[in-house]
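Student: Could you take me through the salt bridges in this one? I'd like a close look at that part, with the cut-offs spelled out.

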Amino acid sequence: MCILKFISNTESFKVFASDNPDIVFRVRDKGEVRRKSTGELFQSYILSLKVSDKDWDDLKGQIDDAIDFLGENFETLRSLLETHEVEDSFLDFPIESRLSDEIGNQNDYLPKELIKLAGKLDLAIVISNYL
């Protein structure tokens, strides 16, 4: 499940979220409780958009969905970046690690089309490996 995250230290994303409910996965406000057990609070405003619901073992599918998502929502995302003070924004691709005693190297390819679209929106790309 690929997520696109926007982080701001100064501005909430709740209005954007209410105006664009079809693409919003989650929105958090600074000062909201992050963990009830410890009382930890969110230190920033965070907007998470659902880019792909493909499984962690389908990176190619997540990438294809991300290319489609960025293309279809390019103007909406660009407007968000123009109207909000965003400190960080990134696509997060969670994947299952293929590393084992027999496999000591894992390489995952990101196509130019994805990198170009992400670059036009000033997005970083994260590949999160999970065992």
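Tutor: The term means a side-chain nitrogen of Lys or Arg within 4 Å of a carboxyl oxygen of Asp or Glu. Keep in mind that this is a predicted model, where local features need pLDDT of at least 70, side-chain atom pairs count only at pLDDT 80 or more, and totals for chains, interfaces and linings use all residues. Residues are numbered from 1 along each chain as its sequence is written, and side-chain values use heavy atoms, leaving out hydrogens and water.

Glu40 is partly exposed at 28% relative accessibility, and Arg34 is partly exposed too, at 44%. Here buried is under 20% relative accessible area, exposed is over 50%, and partly exposed lies in between, with a 1.4 Å probe and protein chains only.

Next, Asp65 bridges to Lys54, with the closest N and O atoms 3.1 Å apart. Asp65 sits in helix H2 and Lys54 in the loop between E5 and H2, so this pair ties together parts that are 11 residues apart in sequence. Helices (H or I, at least four residues) and strands (E, at least two) are DSSP runs, numbered from the N terminus.

Asp64 and Lys60 come to 2.9 Å between their closest N and O atoms; both lie in H2, 4 residues apart, about one turn of the helix. Asp64 is partly exposed at 34%, while Lys60 is exposed at 59%.

Finally, salt bridges link Lys14, Asp29 and Glu32 in a network, and the overall count is 7 salt bridges.
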